[in-house]
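Open the model in a viewer and keep the selection panel at hand.

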Amino acid sequence: MMERTHRVRRRVAAAVSAVALVLPLTACDALTPGSAAAAPGPASVPSSTAVPDEDITLKLQFADAPLMVDALIAAFEKKHPRIGVEPQYKTFSDYVQNLKLTMTSDSAPDIAQYAVGMTDLAADGHILDLAPYREAYGWDDAIPPVSLDQLTAGQTSEATGGRALFGVPAGLSMTGIYYNKELARKAGIDGPPTTVAQFEEQLAAAKEADLTPLGVGALDSGGLHLWAALLNQTMPTDDYWDWVNGTRGATIETPAAVTAGELVIDWGRKGYYNESANGTAQVDSTAQFAKGDSVFLINGNWAAGQLATVMGENVGFFPMPGEQAADPTVASGFSVSYAVASRTEHPEAAGLFLDFLTSPEAGQIISDNGFLPPNPDAVKKPAGVLADIADGHRRAVADDGITTFPDFAAPAMLDRLRSGVQKLVADRIDPADYLDSLQDEWEEHHAE
Amino acid sequence: MPSRPPNQPAGGRRRSPYRGYVYVLPAFAVYFAFAVLPALHTAYLSLFEWDGVTLGDWVGLGNYQEIFQDSVLRQSVLNALVLVVFFSFVPIVLGLAMTGLLARFRRPGMGAYRFLFMLPQVVPLVAVGVTWRWLYGDDGLVNQTFRAVGLDGVTRAWLGDFGAALIAVGLVGTWVLSGLCMMLFLSGVQKVDPSLYEAARLDGAGPVREFVSVTLPHLRGELAVAMTVTTVAALASFDIVYVTTNGGPGEQTTVPGLLVYRLAFSEGKVGLAAALAVVLGCLILAIVYLINRLSRSET
C-alpha cells in the first residue's frame with residue numbers, strides 16, 4: 001500500500017515537472033520561432049555618394065575565389081586607407097547553409113556574397129536595397145543591365161519606386177562546353193558547332209572515333225548544367241525567367257522543356273556521356289577532361305583557369321549552340337555579387353567598396369583571376385580559352401541571353417534538379433514526370 | 001527534501017535515499033541544458049511552419065501529417081533499414097568471426113592487428129567518406145582491382161549506379177563498424193574465466209564448439225551494446241551518405257538524417273525538419289528499447 005502511493009506520488013511529480021518544463025515553452029511568445037529576428041539598422045542606403053572620414057573596418061563574408069577577393073581588397077584599401085576590409089572566407093556549401101543564420105544574427109557581416117537564400121532575406125528586410133546608389137554611382141553605365149536584373153530579388157524599390165537592387169556583381173559566370181582540340185581533330189571535328197543538331201553530329205563522330213564524347217559530373221551539380229544548357233536553347237528565355245522568378249502562372253511543364261529532357265536521355269542512350277557520369281563529381285569530371293578522357297566537357301567559366309593552366313592552347317570553349325544558327329546565344333550564368341546587410345553601421349563605406357568593384361581597376365583584377373569582369377571593355381583582352389569565354393559571354397550579353405541557374409526558382413529546387421537529372425542521365429524517368437516534380441516544388445514555394 | 005524519511009528508524013546511520021541525486025545534479029544540469037532542452041525545443045519547433053528567418057506560423061501537427069504522406073521520406077526510411085543490415089548485422093557477424101579466431105590464442109602482433117581494425121573508428125567519418133569516394137571512383141582502387149583479376153564486366157560507377165549505390169554506401173559502414181564490434185567482443189572475451197575454456201578443451205570441444213558454448217553466451221551484454229550502437233549509426237546515418245553520394249543517384253541513397261539537414265538548412269523548412277527529427281528520434285528510441293528488451297529477456 002505504502003509502496004503504491006509512493007509510486008503514484010512519484011508519477012504525479014514526474015508529470016507535474018514535465019508540464020512545468022513544457023508550459024513556459026508554449027506560453028512564452030518570445031519563443032515563437034523568428035519573433036526576435038527584426039533587423040535593426042538602416043532600411044535603405046543614402047541617395048548620394050559619400051566618402052566617410054573616420055576609421056572603419058568592414059567585414060566581408062564570401063565563398064568564391066579567395067585570391068580574387070584578397071586582391072580586390074588590397075587595391076581598395078590602397079585607395080581608401082581609412083577603410084579596412086576584413087575578409088571572412090567560407091566554403092560554398094557552408095556559406096549557403098548558414099547564410100540565413102549569419103545574416104540575421106547580431107554578428108552579421110557588413111558585406112556578404114549574394115547567394116540563393118538572399119531572396120528571402122531581401123524580402124524580410126535583412127539586405128539593403130541599393131537602388132538609390134544605382135543612380136548616385138551610375139552603376140547602370142558600368143554594369144550590363146542583365147547582370148543587375150539578376151539581383152532585384154523580384155522586387156520593386158521602396159526608395160526609388162523603380163526596380164530594387166540587392167547586390168553589385170564583381171566577376172560574372174557562364175556555363176558552356178569546353179573541347180579538347182587535339183581529340184576533336186582526331187574525331188574529324190573542325191570547330192565549334194553552330195546548332196544543337198551539329199553538336200549532336202560531333203558527339204556521334206567522337207563516339208565513332210572510340211572516344212568518350214562528353215564529360216558530365218552529375219554526382220553533384222554538373223548534370224544540372226547539361227540540362228539547363230539544353231533547356232536554354234529549347235525554351236523561350238522570357239518563359240524561363242518567369243518561371244525562375246516565380247511569376248504567377250509560370251510553368252516548366254512545357255513541350256520545350258520536355259524536348260530538353262528527351263535530349264539528355266537520348267544522349268545517354270547513345271553512350272555520349274562518360275560511363276560513370278552519375279558517380280563523378282563536377283571537379284572530377286573536369287580533372288578527367290584535363291587528362292584527355294573526353295572530347296567535350298560541360299562546365300562553367302570557373303574551371304577555365306585550371307584548364308588553361310593544364311591544357312594550354314589545347315582547350316577551347318563555346319556556349320551551347322541554339323536550334324538554328326541564327327538563334328541568340330543563351331547560357332546560364334550568374335555573378336559573384338556582393339550584398340550589404342541591413343545590420344551594417346557603415347552603409348556609406350560599404351557603398352564605396354561596391355562601387356570600387358565596378359571600376360576598371362577592379363575589372364582587371366577580376367579578369368586576371370579567370371572571371372568575366374562586369375564591364376569587359378575596360379580590361380585587356382585575354383588570350384586562349386579565356387578569350388573564347390569572354391567572346392561567348394559578350395555575345396550572350398548582347399543577345400540578353402544570360403539566364404540564372406534553374407535552382408534559383410526555389411530553395412529546395414537544387415535537390416529536385418540534381419536527383420532528377422541523374423535519373424534522366426540513367427534513363428530512369430520520363431521527362432514529363434521529371435518536370436512535374438520540379439513544378440510541384442515550385443508551386444509549393446510560390447503558393448501564396 | 002525531508003532530512004529524514006519517516007520510515008527510517010530513529011538514530012539509524014542510513015542516509016537519505018535522495019542524497020545520491022545531489023551527486024548526479026551537476027551532470028544532470030549540463031545534460032538537461034545541452035541535450036534535453038534542445039530536444040524539447042526541437043519538438044516545439046516541429047509545430048511551426050518556419051523558414052528560419054521570418055515569424056513562424058503555428059501549424060500544430062500539420063508537419064507530421066506532411067511527413068507521413070511524403071513518398072521520398074518513406075523511401076528514405078526504407079533505405080535506412082537496408083543500411084541497418086550493412087551497419088549492424090554484417091559487422092556483428094564479422095566481429096564475432098574475428099573474435100572466434102583471435103580469442104583462443106595469444107600471438108605476437110595482436111596489438112597491431114587490433115589497432116588496424118580500430119583505425120576506421122578514429123578517422124572522422126567525413127574523411128572516410130572522401131576516401132571511399134575515390135576508392136569507388138571510375139579509376140578507383142575498387143574498379144582497378146576488378147580489372148586486374150579480369151572481371152571487367154563488374155566494374156561500374158559504384159556510387160552513381162542505381163542498383164549498386166546503396167550497397168556501396170552500406171559497405172563503407174561495414175568497414176567502419178566491424179572493427180568496433182570486434183574490439184567490443186574481444187574485451188568481452190577477456191572477462192571469461194580461462195578455466196572455462198580449459199574445461200571445454202578437456203571435454204574435447206573443438207574451436208567451433210568452444211565458441212558456441214563458452215564465448216558466445218558470455219558476450220550477450222556486448223552483443224546488445226554492439227547492436228544498439230550500430231543500429232543507431234545506421235538509422236541516424238548522415239556524414240557518410242552526405243559526403244559520398246548526397247542521397248543520389250535519384251533518391252537511391254537518401255536517408256532521413258540527410259533530409260533533416262536539407263530541409264532545415266537548404267530548403268528553409270525548419271519546422272518540417274524538426275518534425276522529421278522527432279519522428280526519427282522516436283523510431284530510434286523504439287528500436288533501441290526493443291533491442292535492450294530482447295537481450296535482457298534472454299539472460
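A salt bridge here is a side-chain nitrogen of Lys or Arg within 4 Å of a carboxyl oxygen of Asp or Glu. By that rule, the interface of chain A and chain B in this predicted model holds 4 salt bridges.

Stop one: a single pair. Select K423(A) and E251(B), which form a salt bridge with the closest N and O atoms 2.8 Å apart.

Stop two: the side of chain A that touches chain B. Select α1 (2-27), α3 (92-104), α13 (282-290), α18 (413-425) and α19 (431-446) of chain A, the elements that each give two or more residues to this side. The largest share, 6 residues, comes from α18(A). By residue type, this side of chain A divides into 13 nonpolar, 14 polar and 11 charged.

Stop three: the whole interface. Show both chains: 38 residues of chain A are in contact with 35 residues of chain B. Together the chains bury about 3100 Å², with 56% of it on carbon and sulfur atoms.

Stop four: α13(A). Which residues of α13(A) are buried? Select Q282(A), S285(A), T286(A), Q288(A), F289(A) and A290(A) to see them.

Last stop: G292(A). This residue follows α13(A) and has a positive phi, near 95°.

Notes:
Residues are numbered from 1 along each chain as its sequence is written. Chains are lettered from A and ligands numbered from 1 in the order in which they are written. This is a predicted model: local features need pLDDT of at least 70, side-chain atom pairs count only at pLDDT 80 or more; totals for chains, interfaces and linings use all residues. Side-chain values use heavy atoms; hydrogens and water are left out. Contact means heavy atoms within 4.5 Å. Buried area is the accessible area (1.4 Å probe) that two parts lose on being put together, summed over both. Helices (H or I, at least four residues) and strands (E, at least two) are DSSP runs, numbered from the N terminus. Ala, Val, Leu, Ile, Met, Phe, Trp, Tyr, Cys and Pro count as nonpolar, Asp, Glu, Lys and Arg as charged, and the others, Gly among them, as polar. Buried means under 20% relative accessible area, exposed over 50%, partly exposed in between (1.4 Å probe, protein chains only).
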